[in-house]
Amino acid sequence: MSAKPKSPATVDRRSLSGGAWRRRLRITMKRNESIARDALPLESAADLDPLLDRIGDARYVLIGEASHGSSEYYRWRAELTKRLLAEKDFSFVGVEGDWPDCYAVNCSVTRASDAPEDPADALADFDRWPTWMWANDDVVGFTRWLRDFNADRSQPVGFYGLDVYSLWDSLRETLDYLRQHRPDQMDAAMEAFRCFEPFGEDPQRYARATQLVPTDCQAEVVDLLTDLLSNNGHPTGGSDRDARFNAEQNALVAAGAEAYYRAMVSGGAESWNVRDQHMFDTLDRLMDHYGSGAKAVVWEHNTHIGDARYTSMADAGMFNIGQLVRQEHHDDGVVLVGFGSYRGSVTAAGYWGGATTKMNLPEASKDSTEAAIHEALPDRDSALFVFDRNEGDGTTGHDRPDDSARQDRTDDSARRGRDYGEPGKSRAGKPPNRDHWWSRTADGHAWARREQGHRAVGVVYSPEFEKRGNYVPTILDGRYDAFMWFDETTALNPLPGRHSGEGEMEAWPEGL
């Protein structure tokens with residue numbers, strides 16, 4: 001039983017008249033009582049039972065994080081994933097990481113021949129900044145568990161990177177595959193490589209060059225991709241099939257990255273949408289690769305896995321993978337799990353490519369979701385919230401945004417052969433009417449239906465300026481199906497060794 005909420009500290013009597021203050025006080029106390037009533041314990045893996053019940057037979061579970069550097073998010077995400085793999089037979093884990101680096105981890109955890117026996121060795125080879133996102137103690141612990149879990153499985157659980165970076169690494173991987181398996185297709189591959197060669201593996205130079213002169217490497221990458229995908233001699237199983245899939249995906253990463261960098265220099269939402277569309281398409285390809293009945297766990301930042309239509313992101317013309325999965329696969333069951341904390345410490349950097357630093361995470365803004373839960377649960381260190389389900393569409397129990405802007409993607413060739421010449425074509429559904437949530441009096445999770453700021457910390461972070469740009473206006477029970485809250489989080493521990501200050505062009509916004 002949670003403690004009775006104290007009188008709200010967030011109601012400033014000095015700024016309100018007597019009647020207005022008393023009304024606001026009653027509203028805030030009612031909100032706190034609602035939060036306390038909805039809060040479930042979150043102290044051990046067994047406390048995830050209500051969330052496992054909510055997941056049921058869903059085939060897609062997307063699990064977030066409010067920062068790229070908080071240990072509690074990584075550890076609880078791993079605990080939930082372990083239960084999904086062991087109890088609900090999920091097929092693979094897809095993460096916000098580079099395809100080539102994560103594929104090396106995949107080979108280790110699936111016990112492929114010639115792969116490192118310890119996944120930590122593969123993680124230690126991650127060299128694109130920010131390395132700590134995946135080369136850290138918490139991910140080592142999970143991947144070692146996963147390798148042991150796969151020991152007696154005929155179909156091992158995989159570990160894959162969904163992101164669009166690693167242009168040059170993916171080109172090299174594609175060249176290596178073609179040199180060994182399809183030397184007749186090397187001409188197209190070499191043309192693509194030579195096109196990028198003058199830019200010295202510097203994506204910024206390439207992107208800026210496409211602005212200055214009317215030329216780019218799009219045609220060469222598309223030719224490479226077309227040649228690779230047009231081959232009819234697809235292996236049907238085993239390591240040859242996996243190698244072929246890896247080569248195809250590396251070619252797709254190169255095409256997606258080329259489009260991303262061209263869009264990046266233009267600013268705005270376009271490059272964000274290119275990136276999340278690529279991650280969604282990669283997830284679809286993995287589901288096809290694993291076959292009928294496959295189930296996916298996705299690990300990404302809240303800004304990617306939480307439905308963008310219930311945030312201010314939609315107003316900016318942005319969509320994300322969480323929205324796309326809900327729109328396209330809600331009949332298969334989709335559950336989105338978000339995270340947040342009130343204060344603590346976090347691993348991040350002060351600027352793009354900067355030194356890895358453990359920073360203070362200040363108390364959340366008083367108008368934020370994190371602060372509201374902190375106030376309502378003064379004696380709790382953590383809590384789990386599981387929101388109601390609308391059986392009709394798989395989202396939470398309130399009106400769903402209009403999906404009329406959603407493109408029809410049932411045609412398989414359109415889904416796989418996206419025209420990278422028009423990156424980021426908007427797929428954002430009509431955002432919900434957010435003006436009425438505060439006055440809603442319906443029972444249930446009314447507190448979670450008010451738009452409030454929700455903290456988002458990227459790899460680049462400045463605690464002293466966070467109130468200016470680290471809060472995303474959010475309707476919590478629309479953005480997520482469940483939410484894990486921690487009063488205090490701690491910075492994760494990167495693996496020892498070199499942490500390169502060099503990297504691909506900055507993710508927008510704020511390295512998320």
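Me: Leaving aside neighbours within four places in sequence, which residues is T489 in contact with?
Reply: This is a predicted model, to start with. In it, T489 is in contact with S70, E72, Y73, S341, R343, G344, S345 and L361, once neighbours within four places in sequence are left aside.

Me: And is T489 buried or exposed?
Reply: Buried, because its relative accessibility is 0% and the cut-off for buried is under 20%.

Me: OK, what does the side chain of T489 make a polar contact with?
Reply: With the side chain of S341, at 3.1 Å.

Me: Where does T489 sit?
Reply: T489 is in strand β10, which covers residues 482-489. That strand is mostly covered, with 7 of its 8 residues buried.

Me: In what sense do β5 and β10 pair?
Reply: Parallel, over 7 bridges, with β5 covering residues 334-348. S341 stands opposite F486 of β10, and the S341 side chain also has that polar contact with the T489 side chain.

Me: How about β7 and β10, parallel or antiparallel?
Reply: Antiparallel, over 5 bridges; β7 is residues 382-386. A383 has W485 in β10 as its bridge partner.

Me: Switching topic: where does T303 lie?
Reply: In helix α13, residues 302-305. T303 counts as buried because its relative accessibility is 2%.

Me: Which side chain is joined to that of T303 by a polar contact?
Reply: The side chain of H301, at 3.0 Å.

Conventions:
Residues numbered from 1 in each chain as written. Predicted model: local features only at pLDDT ≥ 70, side-chain atom pairs only at ≥ 80, totals over all residues. Heavy atoms only, no water. Helix = DSSP H or I, 4+ residues; strand = E, 2+ residues; numbered from the N terminus. Buried < 20%, exposed > 50% of the residue type's maximum accessible area, 1.4 Å probe, protein only. Polar contact = N/O pair within 3.5 Å; in protein donor to acceptor, adjacent residues only side chain to side chain. Contact = heavy atoms within 4.5 Å. Pairing = 2+ DSSP bridges.
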